Amino acid sequence: MDGDKSKFRIRTIAKARSERRMKDCLVIVVCVCVLCVCDDAVKILKELGQKLGLDAKKEWNFDMNPCIPEGNWRRGEYRKGFEVSVECDCNIERNASCYVSRICIVYRRDGSSIDLLGSQPELVDCQSGWNQLALKSQNISTTIPPEFSKLRYLKELDLSRNFLNGTVPPQWASLRLVDLSLMGNRLSGPFPRVLTRITTLVNLSMEGNRFSGSIPQEIGNMKSLQKLTLCSNAFTGQLPAALAKLTNLTDLRICDNNFTGKIPDFIGNWTQIGKLHIQGCNLEGPIPSSISVLTKLTDLRISDLKGSGSSFPPLQKIEALSKLILRDCMIHGTIPDYIGNMRTIKTLDLSFNNLTGEIPQSFSQLGKTDYIYLTQNNLSGPLPGWILSSSKTVDVSYNHFTWRPSGPRECPREGTIMDSCLKKGFPCSNSARQQAYSLYINCGGREVNINTTRYEADVEPKGASTYHMGPNWAFSSTGNFLDDDIDSDLYTLSNTSRLHNNMSASETRLYTTARTAPISLTYYGLCLINGNYTVRLHFAEIIFSEDNSFNSLGKRVFDVYIQGELKLKDFDIVKEAGGTGRPVVKRFMVNVTSNTVKIQLFWAGKGTTGIPLRGSYGPIISAISVDPNFKPPDYDKKIEVGLIAGTVAGALSFIFLILLILWRKGYLMGKKDAADRELRGLDLQTGIFTLRQIKAATKNFDPSNKLGEGGFGAVYKGLLSDGSIIAVKQLSSKSKQGTREFVNEIGMISALQHPNLVKLYGCCVEGNQLSLIYDSGQSVEREANMASEVEDMPRDSPRFESQLKIVHRDIKTSNVLLDKDLNAKISDFGLAKLTDDGNTHISTRIAGTIGYMAPEYAMRGYLTPKADVYSFGIVLLETVSGKSNTNYRPKEDFVYLLDWAYVLQERGSLLELVDPDLGSAYSPEEAMTMMNVALLCTNASPTLRPTMSQAMNMLEGRTSVQDLLSDPGFSTINPKVKALRNHFWQQPSETLTMSDDPCTESLLSEP
């Protein structure tokens, strides 16, 4: 056999392949490429086939010579995707030996194969080795055979989308691979160090496995790497500095891992990189400025960062971007004008940040951009006219835009979500009779009836940027699925996995469909009667399978918010339900105060994105049910009943009117009854619990359930019959607070919606019992200044703000509760006052706690929101120092902790205030930030204190503390006071003393 004939055969085969066509054929292709058919090669091939379980299927048959045209190696014309062919190369290493360079076996979707049959081959002289070997999508469920190492000519090995387990064999160190794909398997253990010894690797994909631990420093030896994909594993630790040596990288993806630390500055070394994905991997911001030198980037995706915020990263030199995603990166400031000059951008996502200012006018020039997502920022100004007339998909909801005078007042078209669509809180204009008290939605499916409950249809197909209104509900969807190469994404899904028969036939219909979204999916229950409800969210994983195939290896992870409060973090349906196709229902108690319930599902970059296909990710939900925890009003009573009731009421009206007048004037009741009258005459706008329920929940106020005691009375832990854990705050007869504070707290907390406020379930006003019932969240009341917990306290700022303006008047450490996850919850609103932006101050009676009250309020009753800022500053100092402001006296000359903090600041030794029990286990920079903010907040002059939002921006790194400290108007120490303290600078070594005067009792003066 001569080389010329072999070359001719190669060209002939390639041509035959290019001419094969067939419609509507779903197949899986497996291509096996070898370089020779000598005895050694056949032996290795058979050995691998046995190890991989392919011999039983007769997938490989070498009873004929693959390098000759006779036989059945080439079967002529096949449907598109079905093929059996052989390609030979007889000019390897300058000898006349023929090598089989490619064998393609095409599999139907049902798993059956086309056998390779033929006659006994005529073996030729050959070198032992194969060039390419692909075993894709074969659901091979063994370990990886070490025998691959015998194929010394092997350059490309594709084992993706199987069910392989174990790890990479150490024998592979002798391979000279160029391309290796292990994507979509069950491989586990630490990063295989054997791979770092294959220095010829150019492309390496380990995506979608179970590798864990840190990435070894030896990865720096793989300097030929151009593509490295590590997504969807369980890698931890910081990104090793050795990654900086991989200067040939053009594609790096590290999404969905558990790394720690900040995004390193050395990313600036990857000057050749075109694709960089850092999403959902727990890294901290800010995005380093060194990103500015990555001028060859075409696909940049960074999202879901932790830590401190930053301004917009410098990207002006990057001119070829096609996808720019900087979502939930805590970016503040304005959007640079140059973004609008990036004419190649197809997808632009800057959502869920803290961006301010207007949309740059240059955005109107983004002619090639298909998708723009700016939702959930603080953008303002008039909405640009080009958004209303453009064919682009745009989401600018949850900002602060205003309409131009000539602009429309409602959503102008599909594909654009604006604040007008979301109605700024959905005010309800319906009468009480027209308001709803329940809600049932079959998400992504048609109307179904489950027993006596009718679930409404939800079949709107669109979703990239969609707002859809139902009868008394709505949904908004944000995002388009990336990398799926589908022109029209699917936002309603039908089950491809088998549903388990642990439910009735009617219930099964509820889980055969679901609605999904790539970024955010929000449902709104509208015009609901205010009160307590039980919200049930129905989930089932209906896309991934439950078998020994790579289709079962998908992982869907997302977050769930209700009323703006995070309820489920990194929620995994399969893990919760115990498998795919199984329903799981999550139940939540919700207090509706503004006629609307809001349920948001948010993808935070976690989970797989390529199993079973690219673009398979994002939250899904099967159904939603909202049921009242109160007896709904009955407006449909029969006329006869109404007439009887009217007659009786008419007969008694005169007597009742007389008694009512006497009762209101106090002639029929004493002083105690007059106080009770205040309660009975109020619509408390919250759930009502009976005394029997409260006693059952707290085991008759068992002392072992007592959590603590405050100015109002004792707090007990309780367990309701539905499994909800509650906290019962019981009014004590010895309390200085009374009915007025009790009613005030109900009103305030019922009206407020904020993730950092305790949630009020209801109250009990039976007999002489006055109790408030809170959602415990398995919380334990702990003072926030416990030094042992300071470094573990959450640093994330609330994402949503209350629409009401109040002054708490009693901010102190004992009123800050910590739940089981150390999330802070503010409690005790009995003294709170409502205010509005039009009032400069409120003149009121003095009420609060000594040591936490602002001077202008304690002395003159002059109340502004800056009074709470002062109290917050005291709490910050106590948190850092681990000491009480009123109990701690460092010297006889100083009255309280704040006084001593001022002296230490003047000396330049403010860090002496940090709790010594912390040792060195804290960040000095963060401690200094907290103390400097605290001293700004406690300025004697309320006008010189920052606002609460300014204080939060400084604590979260959005604003530099130094910017305010360097402002002469924000001097924390009055110049007159400095002279009085100069004396104490010069004796820093005097012994500190501790006062035992508690001095923490609440003040309540008469009006």
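**Before the close-ups.** A residue is called buried here when its relative accessible area is under 20%. Keep in mind that this is a predicted model.

**Figure 1. The protein chain as a whole, before we zoom in.** The protein chain has 1007 residues, and buried residues make up 53% of them. Its secondary structure comes to 17 helices and 54 strands. Take the contacts in the protein chain with a separation of 6 or more: 63% of them involve residues 24 or more positions apart.

**Figure 2. Phe539 and its two aromatic partners, Phe558 and Phe571.** The aromatic pairs in this model number 17. One of them joins Phe539 and Phe558, with ring centres 5.9 Å apart and planes at 50°, so this pair is tilted. Phe539 belongs to strand 34 (residues 531-539) and Phe558 to strand 35 (residues 557-562), so the pair ties together parts that are 19 residues apart in sequence. Phe539 and Phe558 are both buried. Phe539 also forms a tilted aromatic pair with Phe571, at 4.9 Å centre to centre and 55° between the planes. Here the link runs from strand 34 to Phe571 in strand 36 (residues 565-572), distant parts of the chain that are 32 residues apart. Like Phe539, Phe571 is buried.

**Figure 3. An aromatic cluster.** Look for four residues in this view: Phe481, Tyr491, Trp603 and Tyr617 form one aromatic cluster.

**Figure 4. Glu456 and the residues around it.** Glu456 sits in strand 28 (residues 453-458). Its relative accessibility is 13%, so Glu456 counts as buried. Setting aside neighbours within four places in sequence, Glu456 touches Tyr440, Ile441, Asn442, Glu447, Pro471, Asn472 and Trp473. Arg446 is ten residues from Glu456 along the chain, and their C-alpha atoms are separated by 7.1 Å.

**Figure 5. Helix 12 meets helix 14.** When two helices pack, the angle and the distance between their axes describe the arrangement. For helix 12 (residues 866-881) and helix 14, the axes come within 8 Å and cross at roughly 150°. The two helices are therefore roughly antiparallel to each other, and helix 12 passes helix 14 in a left-handed crossing. On the helix 12 side, the contact is made by Val869, Tyr870, Phe872, Gly873, Leu876, Leu877, Thr879 and Val880. Helix 14 brings Met930, Met931, Val933, Ala934 and Cys937. Sorted by class, this contact has eleven nonpolar residues, two polar ones and no charged ones.

**Figure 6. Helix 14 again, this time with helix 15.** The axes of helix 14 (residues 924-937) and helix 15 (residues 948-955) come within 10 Å and cross at roughly 165°. That crossing makes helix 14 roughly antiparallel to helix 15. This crossing is right-handed. Thr929, Met930, Val933, Leu936 and Cys937 of helix 14 make the contact with Ala951, Met954 and Leu955 of helix 15. The residues of this contact divide into seven nonpolar, one polar and no charged.

**Figure 7. Helix 13, tucked away inside the structure.** Is helix 13 mostly buried or exposed? Nine of the eleven residues of helix 13 (residues 897-907) are buried, so this helix is largely enclosed by the rest of the structure. The buried residues are Leu897, Leu898, Asp899, Trp900, Ala901, Tyr902, Val903, Leu904 and Gln905. Just after helix 13 comes Gly908, with a positive phi of about 80°.

Terms used: Residues are numbered from 1 along each chain as its sequence is written. This is a predicted model: local features need pLDDT of at least 70, side-chain atom pairs count only at pLDDT 80 or more; totals for chains, interfaces and linings use all residues. Side-chain values use heavy atoms; hydrogens and water are left out. Buried means under 20% relative accessible area, exposed over 50%, partly exposed in between (1.4 Å probe, protein chains only). Helices (H or I, at least four residues) and strands (E, at least two) are DSSP runs, numbered from the N terminus. Rings of Phe, Tyr and Trp (its six-membered ring) pair if their centres lie within 6.5 Å; planes under 30 degrees apart count as stacked, over 60 as edge-to-face and the rest as tilted. Axes are lines fitted to C-alpha atoms, for helices over the stretch in contact, and angles run from 0 to 180 degrees between N-to-C directions. Angles under 35 degrees count as roughly parallel, over 145 as roughly antiparallel, 65 to 115 as roughly perpendicular and the rest as oblique. A crossing is left-handed if the near helix is turned anticlockwise from the far one by less than a right angle, and right-handed if clockwise. Contact means heavy atoms within 4.5 Å. Ala, Val, Leu, Ile, Met, Phe, Trp, Tyr, Cys and Pro count as nonpolar, Asp, Glu, Lys and Arg as charged, and the others, Gly among them, as polar.
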